[in-house]
Amino acid sequence: MDPSWYLRRLSRMGPAEIAGRVTDVVRKRQWRGVAGEQAAWLPDRRFARVPGEDVLAAVPGEAVKDLLDTAERLMDGHAEYFGVERDDLVDPDWSYDPKTGRRAPSDVYSFDIQYRSEETVGDIKQIWEPSRHQHLTVLAAAYALTGEDRYAERVAAHLKSWWAANPPMRGVHWVSGIEIGIRLLSWVWVRRLLGGWAQAPALFEDNPVALNQIWHHQRWLAAFGSRGSSANNHVIAEDAGQLAAACAFDWFPESGRWRASALESLDKMLRHNTYDSGLNRELATEYHGLVLELGLAGVLEAKAAGVAVPESTWLVLLRMTDALASIVDNRLRPPRQGDADDGFGLIVDGDETSRWASLLNTGEVLFGRLDWWPEVRSGDVRTQLFSALAKDIRVDATRPVRRRDDFADAGMTILRDGEIWARCDGGPHGFLSIAAHAHADALSVEVRHDGVDILADPGTYCYHGEPKWRSYFRSTAGHNTLELSGTDQSVSGGPFLWTKHAATLVIAAGTPSRWSAEHDGYSPSVHRRSVELDDSKLHIFDDVRGETRPCRLAFHFGPAVEVVLSGGTATLSWTVDGQDRTASIDLPPQLTWSAHRGETSPPLGWYSAGFGRREPVWTLLGTGTAGAEGTLTTELTFDPVGEDPPL
């Protein structure tokens, strides 16, 4: 980062956070000698909580098949990370980035490495992701379900290789708390799932190298927790990993202190990161899933160890689960809002298993399914394993009696009409002073038909290394909303920093199928949008109060949708489950309309299905002025099955 970024970042901190970060800087200098310190461990070291044969036998057959298909790819050395196919995972180089071909320094004091610099380390996420060791939890689960030693032997080989290549405080794997926390969670579950393997104790509790690594990981988390404007999903990962490890690996004199501190912080930070409605405050849906997975993994470990979990912790996790059940569409897909980097808290399932279906399955086992919840037709491995730790959690709370479509505190409203699902965004611009994972998407809409993206949120694509693309995917013009004067509604100060946040006010929501809100991001002008959904028609009304200003109104379509523009009307077509579907969109006549797809200078017409992946899609862009010209009206009409769109 250039010096100006550090000044902008500093401006978003309060005095207490600044003081804490200064302390961290001093401590990081002092920790150069910590790497050589050896853990002291207790003489009685056992790992008691392993899944029984009845638990493993109850895993659904399709989930087992999916898991084993993924495990076989891993055994052959194949995996995909963020759009990059790896074929070298039989014996991986833990510091190598296959995307850039660079190798990060591995024998340098960790805090001396400029890990954000692609010139220095390559793409850091490509290096970090395999070292979360979530491929090892998959292989360990394959061992638990089949009893085949080859899976366990590969896990052991990778752990020994990683421990040898990454001694404490050397290399890039000791600079990020979220990575350390998730890695500890993986190690807990690897040990659990290898419970039937005769060599498991020699790999973990009887292995000085493993003991030293576990102790240093936990000591790191106790010293360098995320704070202040960074206390988002990262602190949840740190607390959950610390709590799980201190419960499952309670082999050290410090275990009790670490456990108590992590549980207290996790309870506080889950509440801090979650609205009363149950939605995650980062307003980035994938982080809702990540935080829920991490929270569940941490507290279930505590409960299994006999540790009393606060009622307030269970209440947050219950509310998050009920909120998830409310916001998914009829295909169990939640909104594509804000940043997403494909991060998981714990992976013990195959690639084809839906994380959202899995979380709802787990919610049913832990808290009970409500009548209005969507039906989940498939089982998964993780829920069954979680159920061996706890089930039927009793929480003193009043749960929703019907599906909730309006989340006022988060500014999210879902409009529905049969197979049509529409998300309207009237919420705050992200979480905390930096709003790290927010997009400049105030008043944007996201529309699906039978689970197919029609008006699509673009996704994320990247974080570091490609600033042009990072800017596009979180820009106002990259979303289904109105841009004024060629600028974003909120002001970016860097890839995870916003220095000015648009403020949004919801005027009407869900009454019964109407939503209206406005924002001040273009002050003194005010953009107001109203959306109505009824009888298979979606109307969008855009008004700008104040001076007349140049504008661009964008509508971005999903990758399945073909678009043909003729004047001010476009016909849409797509196929779902072998059935052809059509729709039409009548566009505001005050603007001049053009169609774009896969353009790069500047970027326009792109969709990211997952981190590191992008594909061309159609975008309709209307240019002109807004203000005195009156209301800009857009009408999206879905045609009945088998009916051709109007000429």
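Which residue in β13 does Arg514 stand opposite? In this predicted model, Arg514 faces Glu532 of that strand, and the pair belongs to a chain in which 18 helices and 25 strands are found. The radius of gyration is 25 Å, close to the 26 Å that the globule rule gives for 647 residues, so the chain is as compact as a globular protein of that length.

**The chain as a whole**
- Along the principal axes, the C-alpha atoms fill a box of roughly 80 × 55 × 50 Å, and 58% of the 647 residues count as buried.
- Of the contacts between residues at least 6 apart in sequence, 72% join residues that are at least 24 apart.

**The eight-stranded sheet**
- An open sheet is formed by eight strands in the order β11-β12-β13-β14-β25-β18-β17-β16, with antiparallel pairing.
- Its edges are β11 (504–509) and β16 (562–566), each of which pairs on one side only, while the twist from one strand to the next averages 15°.
- Within this sheet, six bridges join β12 (residues 514–519) to β13 (residues 526–534), and these two strands run antiparallel.

**Helix α8**
- Helix α8 (residues 149–165) has 17 residues, which at 1.5 Å a residue should span 24 Å, and this agrees with the 24 Å between its end C-alpha atoms.
- Its buried residues are Tyr151, Ala152, Arg154, Val155, Ala156, His158, Leu159, Trp162 and Trp163.
- The cover over these buried residues includes α4 (61–75), α7 (134–146), α9 (177–193), α10 (200–203) and α11 (208–223).

Key. Residues numbered from 1 in each chain as written. Predicted model: local features only at pLDDT ≥ 70, side-chain atom pairs only at ≥ 80, totals over all residues. Heavy atoms only, no water. Pairing = 2+ DSSP bridges. Helix = DSSP H or I, 4+ residues; strand = E, 2+ residues; numbered from the N terminus. Axes fitted to C-alpha atoms, helices over the stretch in contact; angles between N-to-C directions. Expected span 1.5 Å × (residues − 1). Buried < 20%, exposed > 50% of the residue type's maximum accessible area, 1.4 Å probe, protein only. Contact = heavy atoms within 4.5 Å. Rg over C-alpha atoms; globule rule 2.2 N^0.38 Å.
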